[in-house]
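I opened a new entry for this chain. I wanted the overall figures before any local detail.

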Amino acid sequence: LSLSPTMDLHRRPPTATIPGAEATNNHSRRLKSTSPTPSLKASDALPLPLYLTNTIFFTLFFSVAYYLLGRWRDKIRSSTPLHVVTLSEIAAIVSLIASFIYLLGFFGIDFVQSFISRASNDGWDLDDTITTEQTDFPVVSSVPDQSLPKSTAPEPSFCTKEDEEVVNSVVEGTTPSYALESRLGDCFRAAAIRREALQRTSGKSLKGLPLEGFNYDAILGQCCEMPVGFIQIPVGVAGPLLLDGFEYTVPMATTEGCLVASTNRGCKAIYASGGAESVVLRDAMSRAPVVRFSSAKRASQLKFFLEDPLNSETLAVVFNRSSRFARLLGIQCAMAGKNLYMRFTCSTGDAMGMNMVSKGVQNVLDFLRNDFPDMDVIGISGNYCADKKPAAVNWIEGRGKSVVCEAVIKEEIVKKVLKTSVAALVELNMLKNLAGSAIAGALGGFNAHASNIVSAIFIATGQDPAQNIESSHCITMMEAVNDGKDLHISVTMPSIEVGTVGGGTQLASQSACLNLLGVKGSSKESPGSNSRLLATIVAGSVLAGELSLMSAIAAGQLVNSHMKYNRSCKDVTKISS
């Protein structure tokens, strides 16, 4: 006799859907996930094995029933009252009742539970009959309770035998977790089963990590592998940012209090002073393979070949075959012994372009083997690119979009909005952003907090967050102008790596943020203009963030501001419960 743990059978609240995820959510209504709970076996209390006990009660029930029916038939024939019973008949009646109760308990529990389960799936509210609380995972005293808020739908349970079998096969290792999407043909179902298997194997609950309300088909094969849910990050807006005569409301995804408010104040100061202006100095993504020769002399021959202007057109034709948007702009070579590093740079349209430039580089390497068959390709990337790492080559040569953004902030705005003075800002910038960063040995970090704004916009618009490293290279300059009354501020950012197509930009939330900025997708009239505009908006937002933070530090307001906006006085545990 298996007594299952009590189940939460409340009607599940409706789930909000996003465009393109209707099929996902329809399937989620029949998929539920539970974790294994130890079951209580009644047979543990029996002196005999379960199969033998069942045999005894089966035999007793039918033999006693046959004996009583025979006795009642004889009484009816002899006109003997049925209520007149002998001692043996009393014993037989007691045995019949006892065996019936046992058999009812053995076969009836599963039937009742299956009926209740079907009622729960049909949306019946069984609060009046089921009052105990489900325990999905063993409780560990040293781990705080992380149960969901009451307003959140409970962790469902798998009610289909097929889903339960798949979960068990994943837990046992017979079905690879990474192959669920291809084998099931349903991305949401695969994520739900993988999530359940993870909970069972780890013994850890994923309550609080949302599963429903996301289009898992949109990330298959391009954004994320083996998903088990998605993270929620709040998105705030700063602005309007008046840049190059146009107004932009800037989306920022962050969990750092005060960041959006501070950037918004900087936008207000820029707007009140007539706006900011920007210039894109360069637009070129890079990839640098490393090859090896038998001698340094042989490696130098390839270096001279690549740098010869007579060969540039041929190499460009070979490179540009990779894409209708890829256009080779140049090749910069560096040697280390007999190893040659070739830094290819090219334009990539509205895409960030890493895959595009990599395909072009592969085409050129295959072409070079005709004249340099002894060339040994060590790697398609030799870190001379340099991608996702702080590097002087990006700081000096640039990577992606190189942008300069500037503004002149009027004296009265500095005093009224920023609560400081021009002289104080100029002095602080020199001692903090320039001298202080130099003492620290900073590489591209001659700013107050450019990476804060870059990261927030990158996450909101579907960029690669790891490329925040080189994209945040920035030098902030300030000086007094107009006889020392007004403030000229500028940010120079040589390697902003952004795109408006591909990767995470196509996801619903990120696409909406790009649409808010007016740079969603690729520009048909002028390929590459949307990504360049996004880069200037990033630089303009950094300008606003630098202006506001530096003013807060100069005015001695930084600590007070963070205590006000970055520290909650609410009891979060009471809110969540």
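I began with burial: 42% of the 577 residues in the protein chain count as buried. I kept in mind that this is a predicted model.

I then looked up the secondary structure and found 19 helices and 13 strands in the protein chain. For the accessible surface I noted about 29,900 Å², with 58% of it belonging to carbon and sulfur atoms. Among contacts with a separation of 6 or more, 73% are between residues 24 or more positions apart.

Helix 4 (residues 161-172) packs with helix 6 (residues 187-202) at an angle of about 55 degrees, and their axes are 9 Å apart. The two helices are therefore oblique to each other. I logged the crossing of helix 4 and helix 6 as right-handed. On the helix 4 side the residues include Val 166, Val 167 and Val 170, and on the helix 6 side they include Ile 193 and Ala 197. The residues of this contact divide into 6 nonpolar, 2 polar and 6 charged.

I also went through the backbone. Most peptide bonds are trans, and most residues other than glycine have a negative phi. I noted a cis bond from Gly 239 to Pro 240, with omega near 10 degrees; Pro 240 is in strand 3 (residues 235-243). Another cis bond joins Cys 385 and Ala 386, with omega about -10 degrees.

Met 226 has a positive phi near 50 degrees and lies in the loop between helix 6 and strand 3. Asn 482 has a positive phi of about 55 degrees, and its relative accessible area of 48% makes Asn 482 partly exposed.

Note on methods
Residues numbered from 1 in each chain as written. Predicted model: local features only at pLDDT ≥ 70, side-chain atom pairs only at ≥ 80, totals over all residues. Heavy atoms only, no water. Helix = DSSP H or I, 4+ residues; strand = E, 2+ residues; numbered from the N terminus. Buried < 20%, exposed > 50% of the residue type's maximum accessible area, 1.4 Å probe, protein only. Contact = heavy atoms within 4.5 Å. Areas by Shrake-Rupley, 256 points an atom, 1.4 Å probe, with all protein chains shown as cover. Axes fitted to C-alpha atoms, helices over the stretch in contact; angles between N-to-C directions. Parallel < 35°, antiparallel > 145°, perpendicular 65-115°, else oblique. Left-handed = near helix turned anticlockwise from the far one by under 90°. Nonpolar A, V, L, I, M, F, W, Y, C, P; charged D, E, K, R; others polar.
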